[in-house]
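Work through the exercises below with the coordinates open. Each task is followed by its solution.

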Amino acid sequence: LQILSHSKMIKFGLVCLLFGALSAAPLTDIEKENRIVAISKADPELLRTAVSLGDPNLLRVALTDAVPSLLEVALTKAKPDLLQVALTDGVLQENLKVALRASTQENLNTALTQSKPELLKTALEKAQENLLTVALAEANPDILSVVLSESSAALLEIALQFATEENLRVALTAAGRRKRSINNPGPRYLTLA
């Protein structure tokens, strides 16, 4: 019985998505691709989370503005509770656009599978758009994972509101290490035969 209601809920959600698309202006190619992702590739539990718990305005942003391959990551790999956070009222629409347009697939996957919910919420609600772009497009995924799972929410908010783009790059990438290795290849070892 629960499977039947789950199936009905998903079908209802899909009908709503498609009806909304048909009743509005003509769809762009990306909007069509995103709806195809939603109805043919999405994990059923994640689609259910999106259509039953997501804020309608944020769901509209996801279906209208996402890069289809990034929407696919969100609807196939995310943890349901983190997808719900990403689609919760309070998330800035522009920050959701950044996440679904500027992220690397690996960084979006990291954010939607390894974050603490309150830290993902902080990033999507409080970040300056340009700094969130740096974080999701340029961060080393391992460093991003630590930031989104171990940070203090207050300190994450400060970093995503007040850092310079260059300083955020330094904090989130291995750029400093790479620079040192190029300019200073490190100690040379003498081997004895």
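**Exercise 1.** Locate Ala-174 and decide whether Ala-174 is buried or exposed.

Step 1. Ala-174 sits in the loop between α13 (165–172) and α14 (175–183); helices (H or I, at least four residues) and strands (E, at least two) are DSSP runs, numbered from the N terminus.
Step 2. The relative accessible area of Ala-174 is 13%, so the residue is buried. Buried means under 20% relative accessible area, exposed over 50%, and partly exposed in between (1.4 Å probe, protein chains only).
Step 3. Between Ala-174 and Ile-143 there are 31 residues of sequence separation and 8.6 Å in space, C-alpha to C-alpha.

The model is predicted: local features need pLDDT of at least 70, side-chain atom pairs count only at pLDDT 80 or more, and totals for chains, interfaces and linings use all residues. Residues are numbered from 1 along each chain as its sequence is written, and side-chain values use heavy atoms, with hydrogens and water left out.

**Exercise 2.** State the secondary structure content of the protein chain and the share of its residues that count as buried.

Step 1. The protein chain has 14 helices and 0 strands.
Step 2. Of its 193 residues, 38% count as buried.
Step 3. Take contact as heavy atoms within 4.5 Å. Among contacts with a separation of 6 or more, 89% come from residues 24 or more positions apart.

**Exercise 3.** Describe how α2 and α4 pack, and which residues meet.

Step 1. Helix α2 covers residues 29–40, and helix α4 covers residues 56–65.
Step 2. The two pack at an angle of about 115°, their axes 7 Å apart. Axes are lines fitted to C-alpha atoms, for helices over the stretch in contact, and angles run from 0 to 180 degrees between N-to-C directions.
Step 3. α2 and α4 are therefore roughly perpendicular to each other. Angles under 35 degrees count as roughly parallel, over 145 as roughly antiparallel, 65 to 115 as roughly perpendicular and the rest as oblique.
Step 4. From α2, Ile-30, Glu-31, Asn-34, Arg-35 and Ala-38 meet Ala-62, Leu-63 and Thr-64 of α4.
Step 5. Sorted by class, this contact of α2 with α4 has 4 nonpolar, 2 polar and 2 charged residues. Ala, Val, Leu, Ile, Met, Phe, Trp, Tyr, Cys and Pro count as nonpolar, Asp, Glu, Lys and Arg as charged, and the others, Gly among them, as polar.
Step 6. The buried residues of α4 are Leu-58, Leu-59, Val-61, Ala-62 and Leu-63.
Step 7. At the start of α4, a side-chain oxygen of Asp-55 comes within 3.0 Å of the backbone nitrogen of Asn-57.

**Exercise 4.** Identify the buried residues of α7 and what covers them.

Step 1. Helix α7 (residues 93–101) has Asn-95, Leu-96, Val-98, Ala-99 and Leu-100 buried.
Step 2. Their cover includes α4, α5 (68–77), α6 (80–86), α8 (105–114), α9 and α10 (129–138).

How values were computed: A polar contact is a pair of N or O atoms within 3.5 Å; within protein, one must be able to donate a hydrogen and the other to accept it, and residues adjacent in sequence count only if both atoms are side-chain atoms.
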